[in-house]
Amino acid sequence: MAVRAQAGQVGTPTKDAVPSSVGVEGPPAPLPPAVISRDGNGHATVRAVKLAAPLKLDGALDEDVYRDTPSISDFVQSEPNFGKPATQKTEFWIFFDRDAIYISARCWESNPERMIANEMRRDANNIGQGERIGFTIDTFHDRRNGPTFSVNPLGGRMDGQITDEKVYNPDWNPIWDAQTGRFDGGWTVETKIPFKSLRYKPGSAQTWAIAIGRHNRWKNEIAYVVPIPPAVRGLFQISMASTLVGLEVPSGARNLEVKPFITTNATQQRAGATGYASDASASAGLDLKYGVTQNLTADLTYNTDFAQVEADEQQVNLTRFSLFFPEKRDFFLENQGTFAFGGTPSTGQGVVGGDMPVLFYSRRIGLDAGQPIPIEAGGRLTGRVGRYLIGALNMEAGDEPVSRTAATNFSVLRVKRDFLRRSSIGALFTGRSVSPISGGSNQAYGIDGTFNFFDSLAINTYWARTNTEGLSGSDVSYRGHLDYSGDRYGFQAERMIVGEHFNPEVGFVRRSNMARNFGVFRFSPRPRGNPVIRKFSFTGQGTYIEDGKGHPETRIFDGLFGVEFHNGDLLNASVTHDYEYLARPFRLTGGGGVTVAPGGYDFASGNVSVTLGPKRRLSGAVGFEAGSFYDGHRKTFTYSRGRVNVTHQFSVEPNISVNWVTLPAGTFTAKLYGARVTYTMTPRMFASALIQSNSDGQATAVNARLRWEYRPGSELFVVYNEQRDAVGRLLTDLANRSFIVKLNWLFRL
């Protein structure tokens with residue numbers, strides 16, 4: 001029998017209508033008061049319950065609605081024992097009113113004192129390494145895309161966008177709220193996501209899909225409402241998610257968000273041998289977001305400012321190719337999965353760091369050699385029209401006298417059509433043009449396809465071409481990539497061509513003029529009943545690269561062995577044999593002028609690394625590599641992804657890389673030391689400092705930031721940057737410093 005609302009009783013459900021089963025994949029919609037129905041194949045359909053009045057968001061779960069409404073429960077393990085009932089009870093509720101959807105959970109714990117939660121800062125990676133609940137909402141019910149949310153017991157939140165079940169953009173920051181609480185048997189959470197923060201199909205009555213999961217880190221147990229195999233990432237695998245029915249959303253009102261900002265900046269920079277020049281300035285700008293339809297959104301920006309963005313993490317580069325630095329600017333990160341091409345992302349997590357070209361690399365806009373170029377204005381349109389995914393972007397960057405950069409217009413157009421269960425085909429165009437006086441223009445265009453079969457088999461392919469003034473011929477790139485990513489076995493095979501003059505100037509090409517063949521085979525058995533070891537991994541892979549004339553340039557053969565333990569620790573060992581042909585001299589970065597002569601080189605190395613799991617107060621990966629290097633030797637020590645949890649509010653994340661290189665042309669040591677120190681006052685306020693010292697140029701840099709989200713979507717940033725180098729006699733010589741304050745306000749109309 002449905003529960004009736006009582007006048008004035010907050011959080012009480014209204015009388016439930018019988019939900020429709022139209023568009024439902026899996027079992028029929030549950031009839032009130034039930035909120036979940038299951039079938040014999042493990043599929044589930046869940047029902048959202050309408051509220052008469054909003055919930056009080058305090059994390060307590062003490063309203064009558066939690067007693068009167070059944071919970072979504074009976075989670076099933078993905079790890080460590082697939083298909084078995086979860087050992088820790090979890091209860092979920094899904095409610096909604098006219099303005100928002102509410103998702104709440106009660107997480108029972110047999111040993112609450114053992115819970116691992118050591119991060120409060122929003123979107124910090126370490127939230128994903130502790131206790132948490134998470135859910136992904138497929139608002140278009142296309143079974144492949146959607147926003148995803150996670151919360152830990154401290155109130156730390158993560159949010160992001162999933163595209164095509166594999167591309168994850170963690171830098172999407174919608175307006176939503178979460179509050180957590182504790183009870184004798186565990187912890188609780190309440191979340192509120194305004195419908196204005198979501199995009200969905202037209203119409204009031206909606207059928208969505210929702211993936212619901214819980215990660216119990218101290219037991220290394222991952223469980224979901226429906227069975228999710230361990231070979232896939234559960235919250236990403238929207239095609240396996242539960243169907244969500246019963247929702248009623250606002251009609252197609254045109255949502256408008258206006259976000260003005262002001263920035264003040266004081267700088268001091270070395271001017272000449274002994275003096276310094278100081279300057280102070282202020283500016284203002286505006287960002288605007290408009291819901292053209294319920295599923296198409298326009299973003300406009302004027303006098304764009306990215307002063308609050310964290311500095312790049314420096315890297316040691318002992319190769320002859322350019323480094324790829326990730327995008328960190330919010331405007332370009334939101335909906336970045338729309339512009340992913342060839343089956344891989346263009347920025348954010350999971351970006352290809354190897355030889356595959358990136359057709360759209362947003363760091364080409366507003367940056368030149370890492371230095372900012374003023375962006376005068378720009379706009380972006382993203383969303384869906386039926387089965388078509390659409391993205392369009394146009395930005396106007398001003399001239400910069402210091403770097404002699406001319407005013408430039410950048411344009412990008414992306415169209416992709418979904419078909420079958422999880423496949424798609426699409427096209428991408430990018431253009432870069434400067435004023436007629438400066439001359440020069442560039443266009444790149446291509447078509448791509450992603451064909452997914454079953455749950456683990458995929459074919460990714462693309463064909464692309466560029467048009468650059470002054471270059472002709474050999475301007476094509478294409479790729480065919482077969483990937484099977486099963487839990488026990490995995491293999492990949494690839495053929496890729498990059499022409500000598502393939503030159504997407506709004507993209508990134510690490511290596512041109514090549515034909516690459518690549519293959520890998522992996523065997524990953526899980527020992528049964530072993531209380532210590534979770535999985536072994538044996539991998540062999542090979543890369544063979546020729547230049548455009550068919551001459552061998554690179555041959556790499558790797559053998560890798562790994563052990564994954566139940567406590568989260570990892571042990572890896574590898575052996576690599578490399579052949580490199582240099583057609584011209586190669587000067588090693590950070591080598592003090594050491595140059596490798598042209599010719600062919602055979603060299604080999606071995607590597608051992610241990611990764612300490614997130615359960616530990618001190619975690620991170622410690623690695624040592626040694627072997628021949630061109631016509632000499634190299635030894636390398638690294639400590640990466642390090643973290644010291646001093647308290648759940650204070651952490652230090654060190655990063656160390658030291659390379660000892662001995663060559664006939666000279667001997668040198670390339671050193672990089674860094675640390676990120678973070679103190680989180682509340683889930684909406686934190687202060688951090690990124691400190692880096694690099695032997696290349698003997699530079700030391702500090703980037704310190706305070707971020708306070710004083711109300712949802714409105715923020716205050718205070719940023720201090722300083723760089724010191726060895727231009728003078730002392731390493732502490734100041735090169736430049738700046739102090740920046742930025743304040744923005746969000747108005748939702």
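Is Gly26 buried, partly exposed or exposed? Gly26 is partly exposed, at 42% relative accessibility. Here buried means under 20% relative accessible area, exposed means over 50%, and partly exposed is in between (1.4 Å probe, protein chains only).

This is a predicted model: local features need pLDDT of at least 70, side-chain atom pairs count only at pLDDT 80 or more, and totals for chains, interfaces and linings use all residues. Residues are numbered from 1 along each chain as its sequence is written, and side-chain values use heavy atoms, with hydrogens and water left out.

**Confidence**

- pLDDT is the predictor's confidence in each residue, from 0 to 100.
- The protein chain has a mean pLDDT of 88, and 92% of its residues reach 70 or more.
- Residues 1-10 have pLDDT below 50; this stretch makes 22 contacts in the model beyond near neighbours in sequence. Contact means heavy atoms within 4.5 Å.
- Residues 727-731 stay under 50 in pLDDT, and the model has eight contacts for them beyond four places in sequence.

**Overall fold and size**

- The protein chain holds two helices and 44 strands. These are DSSP runs, numbered from the N terminus: helices are H or I with at least four residues, strands are E with at least two.
- The chain is as compact as a globular protein of its length, because its radius of gyration of 27 Å is close to the 27 Å that the globule rule gives for 749 residues. That radius is taken over C-alpha atoms, and the rule is 2.2 Å times the number of residues to the power 0.38.
- Along the principal axes, the C-alpha atoms fill a box of roughly 85 × 60 × 50 Å.
- Contacts between residues 24 or more positions apart make up 57% of those with a separation of 6 or more.

**Surface and charge**

- Of the 749 residues, 51% count as buried.
- The chain exposes about 32200 Å², with carbon and sulfur atoms supplying 56% of it. Accessible areas come from the Shrake-Rupley method with a 1.4 Å probe; for residues, only the protein chains shown count as cover.
- There are 81 positive and 74 negative side chains, and the centres of the two sets lie 3 Å apart. Lys and Arg count as positive and Asp and Glu as negative, while His and the chain ends are not counted. Each charge is placed at NZ of Lys, CZ of Arg, CG of Asp or CD of Glu.

**Backbone exceptions**

- Most residues other than glycine have a negative phi, and most peptide bonds are trans.
- Pro32 and Pro33 are joined by a cis peptide bond, with omega about 5 degrees. Pro33 sits in the segment before strand 1 (36-38).
- Glu79 and Pro80 are also joined by a cis peptide bond, with omega about -5 degrees. Pro80 belongs to the loop between strand 4 (76-79) and strand 5 (90-96).
- Leu61 is not a glycine, yet has a positive phi of about 55 degrees. Leu61 lies in the loop between strand 3 (49-50) and helix 1 (64-68), and is buried at 5% relative accessibility.
- Asn303 has a positive phi near 50 degrees. Asn303 is part of strand 18 (residues 296-304), and is partly exposed at 29%.

**Residues around strand 1**

- Gly26 is in the segment before strand 1. Beyond four places in sequence, Gly26 contacts Asp39, His43 and Thr45.
- Ala53 is 27 residues from Gly26 along the chain, and their C-alpha atoms are separated by 31 Å.
- Ile36 lies in strand 1 and is partly exposed at 22% relative accessibility.
- Beyond four places in sequence, the contacts of Ile36 include Pro30, Ile72 and Val225.
- Ile36 and Gly391 are 355 residues apart in sequence and 36 Å apart in space, C-alpha to C-alpha.

- Glu553 is in strand 31 (residues 552-565) and is buried at 15% relative accessibility.
- Beyond four places in sequence, Glu553 has contacts that include Arg320, Arg511 and Tyr579.
- Arg737 is in strand 43 (residues 733-744) and is partly exposed, with a relative accessible area of 26%.
- Beyond four places in sequence, Arg737 contacts several residues, among them Ala266, Gln268 and Glu722.
- Arg737 and Arg617 are 120 residues apart in sequence and 34 Å apart in space, C-alpha to C-alpha.
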